[in-house]
Amino acid sequence: MGRAGAPPSIASRKGSRKRGRLRTTRIAAFVSLAVLLALAPAAAQRSAQEPTESRNPLGRDAAAVEAGDELFHERCAVCHGQQAEGAMASNLAVARSVSRGSEAGLFKLIRAGIPGTEMPPQPDLPEGRLWQLVSYLRSLAHPAEQPPVPGNVAAGQAVFQRAGCAGCHVVNGAGGFLGPALDSIGVRRDSDKIREDLLDPSAELAEGFGTVVVETAGGETLEGVLKNEDSFTLLVMTADGGIKTFQRKQLRSVHTPQRSQMPADYGQRLGPEEVQDLLAFLDRQRDPFVPVRRGFGNY
Ligand code: HEC
Ligand code: HEC
């Protein structure tokens, strides 16, 4: 019996030695974690929440969408619902930050969370994983899931021309550049949102198409869409589609009012039937989704 009892005691001693070694590695890990944490604030400040690339390198790649879907299940579905359809937190398939803003903006939002709300930051996810989430969320804005918007599409196209929309918006490869291209608008936005854009354009400005008002040293005031800026210069697109460069130091003032360059009176100029036909026409603009890029590019 004594001999039979021996092995367990050896085993348990071995076991405790193993546990001892485990403890040492844990301590080592703890120390390096502490060092990392001490360095973290500096590193975090440097990289902020910015991704290294401004566009999603994964795009709508099917494998990326699927991996993003899985990750979404693990981390996000508890609040946003299994298909992001909304539960305790909002429906992300129609959320503005998903369907409208830039990919980099969505990346930053997911990484940083929304301070002051339940929306948590994701500091531990590497960039590649965050982009997978972006790929997944973007894939939700899929046209097939919405029934076609009722209305006369051909009549809507005529309204689009008559009302001067094409002067500022590209559709079918032709049109102006002051506003965003609309050839994938039917994929990116649901019809209620497009109606809002149309009737109350200043409620929310499409990213990269905000208004800027500058006053030159000579007292001349000029406004347009701010296409690009750095510490020294501003690039402004004016209503005629021309681009003007301003040196900041030569300007008396620069304002960016929450006011769209798009006319605000379409609600009065167009009858309800014209609006409905226009919405039907815009709903059919379903070129593959290409996200907003800041700067000169439209889509
Ligand atoms: C504990 C709950 C919770 C979790 C987990 C969570 N969120 Fe959120 N999320 C919120 C809340 C709350 C808001 C802001 C208010 C709202 O949209 O209901 C929000 C907002 C958002 C928005 C902006 C929506 C808009 O209307 O513009 C996005 C995008 C988003 N979350 C993505 C994610 C992703 C991706 C994950 C997983 C990595 C995630 N969330 C995990 C609670 C959560
Ligand atoms: C003078 C130029 C101008 C005209 C004319 C104009 N728009 Fe716009 N539109 C803009 C600008 C600039 C924006 C971006 C700022 C904003 O969100 O309001 C915009 C935004 C939009 C958006 C939102 C796009 C997005 O990506 O979120 C829609 C939809 C739209 N316009 C539709 C129309 C329609 C339909 C007409 C004609 C009835 C029209 N616009 C006429 C300049 C114009």
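**View 1. Strand β3 (residues 233-237) is joined to strand β4 (residues 243-247) by five bridges, and the two run antiparallel.** The model is predicted: local features need pLDDT of at least 70, side-chain atom pairs count only at pLDDT 80 or more, and totals for chains, interfaces and linings use all residues. Residues are numbered from 1 along each chain as its sequence is written, while chains are lettered from A and ligands numbered from 1 in the order in which they are written. Helices (H or I, at least four residues) and strands (E, at least two) are DSSP runs, numbered from the N terminus. Two strands pair if DSSP finds at least two bridges between them. Five residues lie between β3 and β4 in their hairpin, and in the turn Gly 241 has a positive phi of about 90°. Met 237 faces its counterpart Ile 243 in β4.

**View 2. Strand β1 (residues 211-216) pairs with strand β2 (residues 221-229) in the antiparallel sense over five bridges.** Val 214 has Leu 222 in β2 as its bridge partner, and Val 213 has Glu 223 in that strand. Four residues lie between the strands of this hairpin, where Gly 219 takes a positive phi near 90°. Val 213 also stands opposite His 255 in β5. The pairing of β1 with β5 is antiparallel and extends over four bridges.

**View 3. Five strands form an open sheet in the order β4-β3-β2-β1-β5, with antiparallel pairing.** The edges are β4 and β5 (251-255), each of which pairs on one side only. On average, neighbouring strands of the sheet are turned by 40° against each other, direction ignored. In a regular strand the side chains alternate between the two faces of the sheet.

**View 4. Ligand 2 is surrounded by 27 residues, the closest being Cys 165, Cys 168, Gly 179, Ser 260 and Met 262.** A residue is near a ligand if its C-beta atom, placed from the backbone, lies within 6 Å of that molecule. Helix α9 (residues 191-199) contributes the most to the shell around ligand 2, with three residues. The shell of ligand 2 comprises 19 nonpolar, six polar and two charged residues. Here Ala, Val, Leu, Ile, Met, Phe, Trp, Tyr, Cys and Pro count as nonpolar, Asp, Glu, Lys and Arg as charged, and the others, Gly among them, as polar.

**View 5. Helix α9 crosses helix α11 (residues 272-283) at roughly 120°, the axes coming within 10 Å.** Axes are lines fitted to C-alpha atoms, for helices over the stretch in contact, and angles run from 0 to 180 degrees between N-to-C directions. The two helices, α9 and α11, are therefore oblique to each other. Angles under 35 degrees count as roughly parallel, over 145 as roughly antiparallel, 65 to 115 as roughly perpendicular and the rest as oblique. Ser 191, Ile 194, Arg 195 and Leu 198 of α9 make the contact with Val 275, Leu 279, Leu 282 and Asp 283 of α11. Two residues are in contact if their C-beta atoms, placed from the backbone, lie within 7 Å. The contact of α9 with α11 consists of five nonpolar, one polar and two charged residues.

**View 6. Helix α7 (residues 153-162) packs against α11 at an angle of about 100°, with the axes 7 Å apart.** The helices α7 and α11 are therefore roughly perpendicular to each other. From α7, Val 153, Ala 155, Gly 156, Gln 157, Val 159 and Phe 160 meet Glu 274, Asp 277, Leu 278, Ala 280 and Phe 281 in α11. This contact of α7 with α11 has seven nonpolar, two polar and two charged residues.

**View 7. Helix α2 (residues 62-75) and helix α6 (residues 127-140) cross at roughly 100°, and their axes come within 7 Å.** This angle makes α2 roughly perpendicular to α6. On the α2 side the contact is made by Ala 64, Val 65, Ala 67, Gly 68, Asp 69, Leu 71 and Phe 72, and on the α6 side by Arg 129, Gln 132, Leu 133, Ser 135, Tyr 136 and Ser 139. Seven nonpolar, four polar and two charged residues make up the contact of α2 with α6.

**View 8. Ligand 1 is surrounded by 21 residues, with Cys 76, Cys 79, Ser 90, Ser 97 and Met 119 the closest.** At least two residues of the shell around ligand 1 come from each of α3 (77-80), α4 (96-99) and α5 (103-112). In the shell around ligand 1, 13 residues are nonpolar, five polar and three charged.
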